[in-house]
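Thank you all for coming.

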Amino acid sequence: MEIELSCNSYAFESLTVEPFNAEPPRSALISSYVTPVDFFYKRNHGPIPIVDDIESYYVSICGLIENSKDLFMRDIRMLRKYNITATLQCAGNRRTAMSNVRTATVAQEEKMIMLSPGLTSYEMQHAVWSGAKLADVLELVGIPNLTSVTRSGGKHVEFVSIDKCKEENGGPYKASIPLSQATNPEADVLLAYEMNGEAQYSVVALFLVVWATSCLNPVELTSWLTLNSNAYSKFFLSIIMPKPLNRDHGYPLRVVVPGVIGARSVKWLDTINILAEECQGFFMQKDYKMFPPSVNWDNINWKSRRPLMDFPVQHNTETCWLTVRNLLTRGRECDEAWKADPQLLYNLQAKVSGYAVSGGGRGIERVDISVDGGKNWVEASRYQKTGIPYIADHMSSDKWAWVFFEVIIDIPHSTQIVAKAVDTAANVQPESVETIWNLRGVLNTSWHRVQVREALCLIRCAKRKRRLLAKQKLLPFGKVSVVILLCGGGIASIISLTNLNHTEIM
């Protein structure tokens, strides 16, 4: 018999409605290397803007440059298209655990996120972004690659959004990155207009167009195309063009800054400003900064800290499968053996898996797993794509992307599974969240811990149910395997009993 407890419901959990914030259950995060668009977390600070007229939409490039320019979508699409595989992560990832230590001061929507039952704000997901490199776009206004300062003194590139938020007193959301990063082609900063390469080909519609036009003779076809060229071209492009970003993720154009906290990847792009100083907006100067534990609202000095950029090495243990095999045979014998020594009746083996990522393009050098609370460690295997060995910082690996890990290991009956990641710069996750607590509750990169002891009662219940089924002659005698899925210490409900002789019982 196998009893499977799973978190396989991938329904999105809405955290706040206005502004709209939502995330999938954590069991969905490593269901695939590239996170499907429908499961990608949604993080907003204001209402989602609507851009209806894509033909008139443009991005203004201005500031400390010699020639300002307005770029329409057709201009951006004419530039070379790049596909960049990158993980985006909110700086408030795992903020709930930090707030459990001591209350962190957050915005109202962040409070609602943390108070949502069963959710822990695991806002980190992974996609393939497609668009033009910002370095190529800036060349159009006379800023060469690898430029640190323009002739007019510009040193920073500010991205201004269409959306409005209360933190900016009703003004637009905005953020900036250094010009040296923006003009470096190796930094892979994108103006992205597609996500995950999803195409929307209408085979039926395309067939109808081909069929209709093939029924016309050459003269009629030429006349028809002349009269209907504009409508036909729009219709044809609507059939074969790849699917754009959806509204939640920045349609029609967004910035993607790989290796940097998600707050700098501005959605619904409106303006690119070249500035002498970094952006002075709220989310650069009075948010997303990390202070020491001694700082509170009475002694805070916002100017004393730099805005957060590269995110540190991080991991999450998303799934933990416990396989429990016992040696029990029959009903009365079962009961007597259980009463004698329940701890000896089964062996536990766990498959621990999850993902790890580091900022700045640094690879993951190692992921260590401990089943005794951190006293002894076992190294997990790492991978990104099936069949391709993962080598940190190798050209075959996606440097901006997360890395999956897994290990199968014997564990005690009641314990705490701990995991920590190390990147190629030898940065390692801190042991305790208490040591990195900060006022804003950002960058909780402490060890991830999964409690196992909660499984024991379910194991007992599973075995008792097996004995009941055996007595009713619905189940053959023999070895029992109980599989339990733990997500950060929480255990899902039983969803199925399989391998029964004549029936399935819920």
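This is a predicted model: local features need pLDDT of at least 70, side-chain atom pairs count only at pLDDT 80 or more; totals for chains, interfaces and linings use all residues.

Let us begin with Ser-130, which, leaving aside its neighbours within four places in sequence, is in contact with Lys-81, Tyr-82, Asn-83, Leu-190, Leu-191, Ala-192, Tyr-193 and Glu-194, where contact means heavy atoms within 4.5 Å. Residues are numbered from 1 along each chain as its sequence is written, and side-chain values use heavy atoms, with hydrogens and water left out.

Ser-130 is found in strand S7, residues 124-133; helices (H or I, at least four residues) and strands (E, at least two) are DSSP runs, numbered from the N terminus. With a relative accessibility of 1%, Ser-130 counts as buried, and here buried means under 20% relative accessible area, exposed over 50%, and partly exposed in between, using a 1.4 Å probe and protein chains only. The side chain of Ser-130 is joined to that of Asn-83 by a polar contact of 2.5 Å. By polar contact I mean a pair of N or O atoms within 3.5 Å, where, within protein, one must be able to donate a hydrogen and the other to accept it, and where residues adjacent in sequence count only if both atoms are side-chain atoms.

The structure holds 11 of them, a salt bridge being a side-chain nitrogen of Lys or Arg within 4 Å of a carboxyl oxygen of Asp or Glu. Glu-194 and Lys-81 form one through their side chains, at 2.8 Å from N to O. That pair links distant parts of the chain, since Glu-194 sits in strand S10 (residues 190-199) and Lys-81 in the loop between helix H1 (73-78) and strand S6 (82-89), 113 residues apart. Are the two partners buried or exposed? Glu-194 counts as buried, at 2% relative accessibility, whereas Lys-81 is partly exposed, at 37%. Arg-77 also belongs here, being linked with Lys-81 and Glu-194 in a network of salt bridges.

A second example is the salt bridge of Asp-368 with Lys-420, whose closest N and O atoms are 2.9 Å apart. Asp-368 lies in strand S16 (residues 364-370) and Lys-420 in strand S20 (residues 416-423), so the pair ties together parts that are 52 residues apart in sequence. Asp-368 is buried at 6% relative accessibility, and Lys-420 is buried at 10%.

Those strands belong to an open sheet of 4 strands in the order S17-S16-S20-S21, with antiparallel pairing; two strands pair if DSSP finds at least two bridges between them. At the edges are strand S17 (378-379) and strand S21 (448-451), each of which pairs on one side only. S16 and S17 pair in the antiparallel sense over 2 bridges, and Asp-368 stands opposite Glu-379 in S17.

Now for some backbone details. Most residues other than glycine have a negative phi, and most peptide bonds are trans. Against that background, the peptide bond from Tyr-251 to Pro-252 is cis, with omega near 10°, and Pro-252 is placed in the loop between strand S11 (242-244) and strand S12 (254-256). Leu-146 has a positive phi, near 60°; this residue is in the loop between helix H4 (134-139) and strand S8 (156-164), and it is exposed, with a relative accessible area of 61%. Asp-393 likewise has a positive phi, near 65°, in the loop between strand S18 (381-383) and strand S19 (403-410).

Finally, a word on confidence. The mean pLDDT of the chain is 75, and 63% of its residues reach 70 or more, pLDDT being the predictor's confidence in each residue, from 0 to 100. Where does pLDDT stay under 50? One such stretch is residues 1-12, for which the model has 61 contacts beyond four places in sequence, and another is residues 199-208, with 14 such contacts.
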